[in-house]
Structures are given as structure tokens and as C-alpha cells.
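Hi,

Here is the structure I said I'd pass on.

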Amino acid sequence: MQGSQRDQRNQRNQHSLRAREFEAFVAGAGGRLLHAATLLTAEPPGAAPEAQRLLVGALAHTRADWSRLRGEDPYERTRQELTRRFAHTGWRHRRPRGGLLGVLPPQERLVLVLRLFEGVADEQVAASLGLPVERVRALHTRAMATLLSRPVESAAPR
């Protein structure tokens, strides 16, 4: 009976340790992931309910797999899940929402955020989106051309 109690105590300790590890991960990476989600949804940073929903879903998926992530980068895993969720709900984010990236279609926005903000290589972006590398490069080029052709908005209030 004592062995069984010891096993249960060890399991509780392991569960508690995994929970603390996950909480530390969220504390360290949550802000950057939320910023990426906000860029994807093109919502204003202060009020980004869609970005928060995307991030919570991605974090829930990472948490569910947390004990199986040994040796795998949890940030990368969460970003991939965030990307997957946005790609599957991109149609919800088609209408312009304002902001710099709000003028871009969802797929261009996704490629631009992954390439510029996250620093992901073309080949990795292509693999995660299931697109040819040439298509990712074309989307990136088109997005940059769109952004660079826009007039610069004044930062000073009038």
C-alpha cells in the first residue's frame, strides 16, 4: 500500500511540476505570441478579442500536449498551432480592420508575420502552410509591395 501512495504522490508532483513549467512558458512567451496573433488578426493592440481567442486555443493545445513535448520547442509548437488556427479561420479576417497590416489579405498577412516578425525561413513557412516555396515568396513580395506603396501616415496627432 505504501508503494501505491508513493506512486500517487510522485504523479501529483510530476503534474504540479508540468503545470509550473507551462505557466513559466506562458509568462515568458505569452506577450510575444499575443503580439503575433494581434498582427495576424489586424486588430488594435488594446482590443484584440479574436487574437486572444486564437492564442488561448493555441495555448490550450500546447498545454494538452505539454508532457509529450520533451525536447521540442514549446514556442515553435504554439506558433505552429496559432498559424494553423489562423489559416483555418482566415476568412473571418478578410475585411480591412485598420492598422498597417489590415489592408493585406489574410494569407499575405500570415506570410508577412511569420517571415518578418517571427523570422521564419521561407521553406519553413511553406511547409507549415502546405504551399510551394515560390508561392510563399510571391505572397511575401506582394504584401511588401502593398505596404510600401501606401502613403506614410503621420504619427503626430492633428
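First, keep in mind that this is a predicted model. I started with the aromatics: searching the whole structure turns up three aromatic pairs. One of them is F22 with F25, where the ring centres sit 6.2 Å apart and the planes make an angle of 45°, so this pair counts as tilted. F22 and F25 both belong to helix α1, which covers residues 2-41, and because they are three residues apart there, about one helical turn separates them. Both F22 and F25 are buried.

F22 also pairs with W66, this time edge-to-face, with 5.2 Å from centre to centre and 80° between the planes. That pair ties together distant parts of the chain: F22 is in helix α1, while W66 lies in the loop between α2 (49-64) and α3 (74-89), 44 residues apart. How buried are these two? F22 has a relative accessible area of 11%, and W66 comes in at 7%. The cut-off for buried is under 20%, so both F22 and W66 fall within it. Taken together, F22, F25 and W66 make up one aromatic cluster.

The axes of α4 (residues 106-117) and α5 (residues 122-129) come within 10 Å of each other and cross at roughly 140°. That angle makes α4 oblique to α5, because only angles over 145 degrees count as roughly antiparallel. The crossing of α4 past α5 is right-handed. If you want to find the contact on screen, look for L110, V111, L114 and R115 on the α4 side, and D122, V125 and L129 on the α5 side. By type, the residues of this contact are five nonpolar and two charged, with no polar ones.

Is E118 buried or exposed? It counts as buried, with a relative accessibility of 10%. Leaving aside residues up to four places away in sequence, E118 touches R32, A36, Y75, R79 and V113. Take A36 from that list: E118 and A36 are 82 residues apart in sequence, yet their C-alpha atoms are 7.9 Å apart in space.

That's what I have for now.

Cheers

Methods: Residues numbered from 1 in each chain as written. Predicted model: local features only at pLDDT ≥ 70, side-chain atom pairs only at ≥ 80, totals over all residues. Heavy atoms only, no water. Axes fitted to C-alpha atoms, helices over the stretch in contact; angles between N-to-C directions. Helix = DSSP H or I, 4+ residues; strand = E, 2+ residues; numbered from the N terminus. Parallel < 35°, antiparallel > 145°, perpendicular 65-115°, else oblique. Left-handed = near helix turned anticlockwise from the far one by under 90°. Contact = heavy atoms within 4.5 Å. Nonpolar A, V, L, I, M, F, W, Y, C, P; charged D, E, K, R; others polar. Phe/Tyr/Trp six-rings, centres within 6.5 Å; stacked < 30°, edge-to-face > 60°. Buried < 20%, exposed > 50% of the residue type's maximum accessible area, 1.4 Å probe, protein only.
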